[in-house]
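Have the viewer open while you read.

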Amino acid sequence: TTTTVQGLAKWWVRHNDGSIADSFNNASITDNGTGDYTVSFSSAFADTNYCFVNGNNAYTLGNTDTRFPTMVSAVATGSISLTSREIANGGGITDTAYVCLAIFDS
């Protein structure tokens, strides 16, 4: 019943290059190739007007990694697609560790 409380995350995941470390309301993660992932929700959202927040190890663990936060590339009611990019290789897509993403919805 707590998933219906407004203000709580309705879905979140932390993964390390496609391997789920921990999650809530997460069905699966698909590794589509280098730095490209699709994560599927256990319970779909009513629409795609949800709010997502994301980050990666450069920011969440405070190290000297040169990657940008993970970029959301597509949203759907049952999944979200992500790409990880790196400054050091000209902003190209790259694998990254400790991607964190959460979704909030009313």
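Leaving aside neighbours within four places in sequence, which residues is Phe 45 in contact with? They are Lys 10, Trp 11, Tyr 50, Thr 77, Ile 103 and Asp 105, where contact means heavy atoms within 4.5 Å.

A word on the ground rules. This is a predicted model, so local features need pLDDT of at least 70 and side-chain atom pairs count only at pLDDT 80 or more, while totals for chains, interfaces and linings use all residues. Residues are numbered from 1 along each chain as its sequence is written, and side-chain values use heavy atoms, with hydrogens and water left out.

Now the fold. Of the contacts with a separation of 6 or more, 51% are between residues 24 or more positions apart. Of the 106 residues, 34% are buried, i.e. under 20% relative accessible area with a 1.4 Å probe, protein chains only. The exposed surface comes to about 5,500 Å², and carbon and sulfur atoms supply 51% of that (Shrake-Rupley, 1.4 Å probe).

On to the core. The largest nonpolar core has 13 residues, and the members touching the most others are Trp 11, Phe 41, Phe 45, Tyr 50, Ile 80, Leu 101 and Ile 103. A core here is a set of buried Ala, Val, Leu, Ile, Met, Phe, Trp, Tyr and Cys residues joined through side-chain atoms within 4.5 Å. Strands E1 (9-16), E4 (36-41), E7 (79-83) and E10 (99-104) each give it two or more residues.

The structure also holds four aromatic pairs. Rings of Phe, Tyr and Trp (its six-membered ring) pair if their centres lie within 6.5 Å; planes under 30 degrees apart are stacked, over 60 edge-to-face, and the rest tilted. Two of these pairs involve Phe 45:

| Pair | Centre distance | Plane angle | Type |
|---|---|---|---|
| Phe 41 and Phe 45 | 5.1 Å | 90° | edge-to-face |
| Phe 45 and Tyr 50 | 4.8 Å | 40° | tilted |

Phe 41 and Phe 45 are both buried, and Tyr 50 is buried too. Together with Trp 11, these residues form one aromatic cluster.

Last stop: Asn 25, in the loop between strand E2 (19-24) and strand E3 (26-33). Why does Asn 25 count as buried? Because its relative accessibility is 18%. Not counting residues up to four places away in sequence, Asn 25 touches Lys 10, Trp 11, Ser 40, Phe 41, Ser 42 and Ser 43.

How values were computed. Buried < 20%, exposed > 50% of the residue type's maximum accessible area, 1.4 Å probe, protein only. Helix = DSSP H or I, 4+ residues; strand = E, 2+ residues; numbered from the N terminus.
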